[in-house]
Amino acid sequence: MNLLAALEQTALSVWLRESPTIWGFPFVLFLHTLGLGIAAGLGVALNLWTLGWADRYPAAPLQRAFPVASAGFALALVSGLLLLAAYPTKALTDPVFYLKLALVGAAIGQLEWLRRRLFDAASADRPACPDRSVRRFAGLALALWAGAVLTGRLLAYTYNYLTAADLLP
Amino acid sequence: MIDAWIEWMETTRLSAAMLDTRWMWPLAEAVHFAGLVLLVGTVGLFDLRVLGLGRGIPAAAIHRLVPLGALGFVFSVATGVLFVFGSPDQYFYNAAFRWKLVFLGLMGANAAFFYAVPHRALAGLGAHDDAPRSAKVCVALSLTFLVAVMFCGRMLTFFRPVGGGF
């Protein structure tokens, strides 16, 4: 609680919460949306490709989409840390926040696994032919991303305390 | 004229359902974002191929993902309509909403042009062929407008014309 209050009093946290321009908190929210759009979007698209088309086309050419997804994830991560700095109590006292982190972590982990297992290992000119475990995890990944988006969006509604002051009896 | 629309929308059952049903608005938001993710990811991957990333797979093959993105777009538009019905006064007089409609219009016009002209050339391209410049320009515009739509959408809450609502 003291730690949360101290975090909320840092200059960065105060500026993010109270800056009246749209280039503070609103812009960070936009960057988070853009980052998640790129990371989750490519995560979903590459898994859909794995399920629907990877057995007909070589996979190696799509390796280059993974760094783009990573850049999107980095953007979502940095902007997410800023959002956390703005309202640490709001996120850290909400169980849904931890569920979201777990879902995002699992989805990102699957994407890295998919890259190594299918796209890096694939021949440049023959179809990749994903095996059953690759297909199963690709299907699971779609559910993980859906869950991550759902829980992330719900954070605006499920929190119990907005700032450390709300924790006082 | 706009006020008449707003008044009518506020009397609809849909509007009441959006405001009075617990979790309806948050769940619609989640679907709105899931649709966005599906659109950005599938169209984005196709756009990257047209721009030259991922040569070795025909652009037309990656385009098979785009109908799924269109489905995502339908979900986003449908839930977007729900929000407008829920709080019409918060949208019609909102500058961010108006700009969002402008960029959606530009996105649609650009997509219409893309399918009318450069897309036809893509069908005949081989796995390693570079896309024509007209297709690349279209695709770059499509990504720009998409980011602009997301930016305006995210700014909506910070341009509320009157208190309450959302």
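Reader: What do buried, partly exposed and exposed stand for here?
Author: A residue is buried if 20 or more other C-beta atoms lie within 10 Å of its own, exposed if 12 or fewer, and partly exposed in between, with C-beta atoms placed from the backbone. This is a predicted model, in which local features need pLDDT of at least 70, side-chain atom pairs count only at pLDDT 80 or more, and totals for chains, interfaces and linings use all residues. Residues are numbered from 1 along each chain as its sequence is written, and chains are lettered from A and ligands numbered from 1 in the order in which they are written.

Reader: Is B:Trp23 buried or exposed?
Author: B:Trp23 counts as exposed, because 10 other C-beta atoms lie within 10 Å.

Reader: Where is B:Trp23, and what is its phi?
Author: B:Trp23 sits in the loop between helix H2 (13–20) and helix H3 (24–51) of chain B; helices are DSSP runs of H or I, at least four residues, numbered from the N terminus. Its phi is positive, about 75 degrees, although B:Trp23 is not a glycine. Most residues other than glycine have a negative phi.

Reader: And what about phi of A:Cys129?
Author: A:Cys129, also not a glycine, has a positive phi near 50 degrees. The loop between helix H6 (95–119) and H7 of chain A holds A:Cys129.

Reader: Turning to the contact, how many residues does each chain give?
Author: Chain A gives 32 residues and chain B 29 residues, where contact requires C-beta atoms, placed from the backbone, within 7 Å.

Reader: Which helix supplies the largest share on the side of chain A?
Author: H3(A) does, with 14 residues of the side that touches chain B.

Note on methods
Contact = placed C-beta atoms within 7 Å. Helix = DSSP H or I, 4+ residues; strand = E, 2+ residues; numbered from the N terminus.
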